Amino acid sequence: MIIPPIKRPINKIIEVPSDKSITHRAMIISSIAEGKSTIFNPLECYDTHNTLKCMEKLGARIEKKEDKIIIHGIKKLNSSQLDVGNSGTTLRLLTGLLSGYEGEKFILDGDESIRKRPMQRVIEPLACMGAKIAGNNGNAPVIVYGKKLKGIDYNLEIPSAQLKSAILLAGLNASEKTTIVEKNPSRNHTELMLAAFGAGIKHGGHHNHHENIELVPSALKGRKIKIGGDFSSGAFFLVLGALLKNSYLKIENAGFNPTRTGMWNVLRKCGANTGFTKLRSDNGEAYADIEIEGGNVLKPFYIKTEQIPLLIDEIPILCVLACFIEGESIIEGCGELKYKESNRLIAICEELSKLGADIEILGSMRDIIRIRGKGFLKGGQVFSHGDHRIAMALSIALSLSQKGGEVLGSDCVGVSFPNFFETLRGLTK
């Protein structure tokens, strides 16, 4: 994809695709809830298509109608061989869910990239619940032998919403309460969705400054779910709007869950002129119209390790932001970026360097990114590494650069934002 530089201010109102994380969870949880569920405005992309195909193969009855999906849930999921494609969310959440279906056997596999994603972190706590799971040296393909599970008390050392969700979904079929203690809170979409479907789930208060999540074995009831815009998809355009002088951008109906808006808080601390209107809630999820004006001189930022779970998907675009802010910005604790669709830690540093960025990886754990922003990038040819968020972050970088350039392997944006380039081009019309 050829990306020309944007040479003039923009003044636009846009919408971004529906939230991918919430769509995944709505599809999975609807499939095991009693009765009919209707998901309005689900995200249509590669990853969610794979989730829907998996749930259909497991036995859920699914009807697709214009802007909604109707799912008739079932109590007993069928033994199946499942292809999750490139979706780590599908792989990890289903590994947890399926481990409690006693007497059934499930095989979960995906593409070459998914076979590199670490699964041992999921297998170990599930094994403590009584699950029997065979992995390929800690990776997919994964074979799940359904067993009778017991509840556990688990300290979530890795702040991962996918790991937390796998344990909670397994806990639905356990014999007693499951408790998860989070040191650093991660995305809470699974907790909110389970509560909306009638699960016995609650936050049990704090213990030694940690958050407790308690789930009792629960039967779920079908319901209606309306899904709003994906904050992570909107993040690319928020950065663009903040950096284009004399510009104004509004993103309507964007997700505004506090466990997702860490990047918005970073923008505010940098001095960006951003705010929100029409804050509202649907099944516990917050949505708002987010506005941003470009032109303010922005300050460098320092992101600490404990902030990372609240902005993990936005780190590539935050690196782009830092390149256009004069001074040194630091992002600590980026180790989890190594295990995404690509090694995002290496990918974003390599590709931004091609455009003239002064960016490097530091620390004994090689998990700190330092960017010495110059206030500009030259432009040039870059590679997506087959990763949708890298492709979109680099596209924004080229839009803001002096000469623009080309993104090789740009079709991977279909994983989460199929009309990304159409939206980007539309800003200058």
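The following legends describe an overview and several close-up views of a predicted model.

**Figure 1. Overview of the protein chain.** The secondary structure of the predicted chain amounts to 12 helices and 23 strands. With a radius of gyration of 21 Å, close to the 22 Å that the globule rule gives for 429 residues, the chain is as compact as a globular protein of that length. The C-alpha trace spans about 60 × 50 × 40 Å along its principal axes. Buried residues make up 59% of the 429 residues. Of the contacts between residues at least 6 apart in sequence, 75% join residues at least 24 apart.

**Figure 2. The open sheet of β18, β19, β21 and β20.** Four strands, in the order β18-β19-β21-β20, form this open sheet, and their pairing is mixed. Strands β18 (302-303) and β20 (359-362) stand at the edges; each has a single partner strand, so one side of each is left without a neighbour in the sheet. Strand β20 runs antiparallel to β21 (residues 368-373), and four bridges join the two. Within this pair, Ile359 has Ile371 of β21 as its bridge partner. Helix α10 (residues 344-354) lies across β20 and β21, and runs at about 150° to β20.

**Figure 3. Surroundings of Asn86.** Asn86 is found in the loop between β6 (80-83) and α3 (88-98). Its relative accessible area is 13%, under the 20% limit, and Asn86 therefore counts as buried. Leaving aside residues up to four places away in sequence, Asn86 touches Asp47, Asn50, Asp111, Ser113, Ile114, Arg117, Glu341 and Val415.

**Figure 4. Helix α4 and its cover.** Helix α4 comprises residues 120-128, and its buried residues are Arg121, Val122, Ile123, Pro125 and Leu126. The elements that cover these buried residues include helices α3 and α5 (161-171), together with strands β8 (132-135) and β10 (153-156). Just after α4, Gly130 takes a positive phi of about 105°.

**Figure 5. Packing of helix α5 with helix α6.** The axes of α5 and α6 (residues 189-196) come within 9 Å and cross at roughly 25°. Angles under 35 degrees count as roughly parallel, so this description applies to α5 and α6. On the α5 side, the contact is made by Lys164, Ser165, Leu168 and Leu169. Thr190, Glu191 and Leu194 make the contact on the α6 side. The residues of this contact divide into three nonpolar, two polar and two charged.

**Figure 6. The loop between β8 and β9.** Two residues of this loop are shown, Asn137 and Pro141. Asn137 has a positive phi of about 55° although it is not a glycine. With a relative accessible area of 75%, Asn137 is exposed.

Figure 7. Although Asn246 is not a glycine, its phi is positive, at about 60°. Asn246 is exposed, with a relative accessible area of 65%.

Notes
Residues numbered from 1 in each chain as written. Predicted model: local features only at pLDDT ≥ 70, side-chain atom pairs only at ≥ 80, totals over all residues. Heavy atoms only, no water. Pairing = 2+ DSSP bridges. Contact = heavy atoms within 4.5 Å. Axes fitted to C-alpha atoms, helices over the stretch in contact; angles between N-to-C directions. Buried < 20%, exposed > 50% of the residue type's maximum accessible area, 1.4 Å probe, protein only. Parallel < 35°, antiparallel > 145°, perpendicular 65-115°, else oblique. Nonpolar A, V, L, I, M, F, W, Y, C, P; charged D, E, K, R; others polar. Rg over C-alpha atoms; globule rule 2.2 N^0.38 Å.
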